[in-house]
Amino acid sequence: MKYESVRGMRDILPGEIGYWKQVEEKVREVATCFHYGEIRLPLMEHTEIFSRGIGEETDVVNKEMYTFLDKKNRSLTLRPEATASVVRAYLEHGLHIREPFQKLFYIGPMFRYEKPQKGRSRQFHQYGVEAIGSLDPTLDVDVISFAWTLMDMLGLSGLSLRLNSIGCAEDRRRYKKALSGYFAIHIDEMCTDCQRRYDSNPLRILDCKKSQCQPYIQQAPASIDYLCADCARHFAEVQGYLDELGLNYGIDARLIRGLDYYTRTVFELISKDLGAQDALLGGGRYDGLVELLGGPATPAVGFAGGMERLILVLQEKNGSFGQEKRLDLFLPALGEKGRLLALTLAQGLRSQGISVDLDYRGRSLRKQLGYADQVGVRYLIILGEDEVTSRKGRIKNMDRGQEYEIALTTDAIARIVHGTKHGD
Ligand code: HAM
């Protein structure tokens with residue numbers, strides 16, 4: 001039997017890990033600049049956290065969760081997203097009691113049983129931020145600015161931000177009523193999923209991607225026409241601050257996002273390089289979620305982006321970005337004594353932060369040199385019988401093709417590799 005990874009869940013191999021590390025580093029760097037603290041959450045939660053938090057009628061809860069019973073018959077779910085988990089942690093640890101205003105970020109795998117395609121997998125990775133404890137529109141803008149800053153730092157351009165407001169709970173009741181009235185005359189022409197959504201939550205009809213339903217969805221009422229005075233003011237202020245900061249956006253009246261917890265501001269950052277799955281990241285306000293999960297009424301806003309999608313766009317734009325740091329030194333060795341010297345020098349140099357590799361398979365010198373070439377090493381020292389006896393050798397700078405005589409001690413080699421003597 002030939003084993004394969006589970007469909008939609010893939011390995012990330014050393015050859016591509018450079019992209020991942022660089023994106024993770026940039027997320028952490030931007031998080032530090034925006035003063036967000038990192039939170040690491042368990043990969044699974046009690047199912048109810050998601051079914052209540054995200055909403056029973058959403059595709060995520062209805063169709064996409066990996067849910068199972070544990071040995072004590074408790075229903076657990078692999079997290080499909082992290083916002084509900086962050087709120088659970090915020091309440092469980094009383095973060096809100098010490099300091100109700102919290103800015104948190106996370107990076108990690110999420111799980112959704114979706115049909116795998118370009119930019120969509122069943123295990124994927126998100127980086128995300130959650131700012132909990134303020135209703136102020138400057139916070140919405142700060143979160144959006146985080147997203148733009150990250151894209152800038154990664155050198156990405158040509159992206160567009162879609163922005164909308166879906167109002168407060170009361171606005172949404174009125175908006176849903178308007179949608180019900182509008183779809184009543186079209187629903188028989190629409191797909192069976194939409195017919196079900198029509199009864200349970202007509203807002204979710206706007207998530208439908210089927211072409212048969214699109215003409216009706218495109219003409220549906222817009223949420224911004226149903227905002228109360230407070231929500232309309234909030235939305236105007238968000239736009240005003242975005243203009244002030246020179247952050248581009250376009251209003252998308254059909255954007256409502258696929259999770260039930262959203263209120264007021266919603267947004268998505270779109271890349272045309274991604275094809276059908278074009279959302280690089282998405283987020284918005286969720287002013288009712290903390291209360292829904294048992295806490296005090298606490299407004300919040302955040303977003304999350306898919307790492308795979310971001311890396312796809314980076315690869316398309318910049319093939320060379322994402323190179324792993326080069327190997328500093330390779331020590332081709334001959335004979336047992338040569339190999340022992342290589343091992344000893346490697347041990348000392350590695351503990352000085354220098355990356356060193358050697359041959360562990362007793363291969364010929366020609367093969368060892370071929371390998372050094374293939375990995376693109378910076379320096380090379382051949383360790384044969386003469387070198388073992390004299391404890392002197394020649395270090396070769398592979399980029400310049402120059403060689404220098406040196407004593408075979410870790411300090412002498414380290415000085416050259418660190419660039420303090422004849423170095424680059
Ligand atoms: P979401 O829109 O469901 O929102 O996911 C956010 C991002 O995760 C998407 O824009 C996409 O880049 C990526 N993503 C989602 N599903 C997949 C998939 N199957 N394969 C690859 N990438 C995927 C949330 O998850 C919210 N928790 C965001 C948020 C945070 N809202 C407020 N705070």
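These questions and answers cover the ligand, the strands around it and one cysteine.

Colleague: What kind of model is this, and from where are residues numbered?
Modeller: This is a predicted model, where local features need pLDDT of at least 70, side-chain atom pairs count only at pLDDT 80 or more, and totals for chains, interfaces and linings use all residues. Side-chain values use heavy atoms, with hydrogens and water left out, and along each chain, as its sequence is written, residues are numbered from 1.

Colleague: How many residues surround the ligand?
Modeller: The closest are Glu 81, Thr 83, Glu 114, Glu 130 and Tyr 262. The shell divides into 10 nonpolar, nine polar and seven charged residues. Here Ala, Val, Leu, Ile, Met, Phe, Trp, Tyr, Cys and Pro count as nonpolar, Asp, Glu, Lys and Arg as charged, and the others, Gly among them, as polar. The number of residues around the ligand is 26.

Colleague: How much of the ligand's accessible area does the protein cover?
Modeller: A polar side-chain atom of Arg 257 lies 2.9 Å from a ligand oxygen, and a polar side-chain atom of Thr 83 lies 2.8 Å from a ligand nitrogen. On its own the ligand has 660 Å² of accessible area (Shrake-Rupley method, 1.4 Å probe). The protein covers 95%.

Colleague: Which strand gives the most to the shell around the ligand?
Modeller: Strands are DSSP runs of E, at least two residues; helices are runs of H or I, at least four; both are numbered from the N terminus. S6 (123-132), S10 (279-285) and S11 (300-306) each supply at least two residues of the shell. With six residues, the strand that gives the most is S10.

Colleague: Why is S10 largely enclosed by the rest of the structure?
Modeller: Buried means under 20% relative accessible area, with a 1.4 Å probe and protein chains only. S10 runs antiparallel to S9 (residues 263-271), joined by six bridges; strands pair if DSSP finds at least two bridges between them. S10 also pairs with S11, antiparallel, over five bridges. S10 is largely enclosed because its buried residues number seven of seven.

Colleague: Is Cys 194 buried or exposed?
Modeller: Cys 194 lies in helix H8 (residues 192-200). Beyond its neighbours within four places in sequence, Cys 194 is in contact (heavy atoms within 4.5 Å) with Ile 187, Ile 205, Cys 208 and Cys 213. Because its relative accessibility is 0%, Cys 194 counts as buried.

Note on methods: Buried means under 20% relative accessible area, exposed over 50%, partly exposed in between (1.4 Å probe, protein chains only). A residue is near a molecule or strand if one of its heavy atoms lies within 4 Å of it. A polar contact is a pair of N or O atoms within 3.5 Å; within protein, one must be able to donate a hydrogen and the other to accept it, and residues adjacent in sequence count only if both atoms are side-chain atoms.
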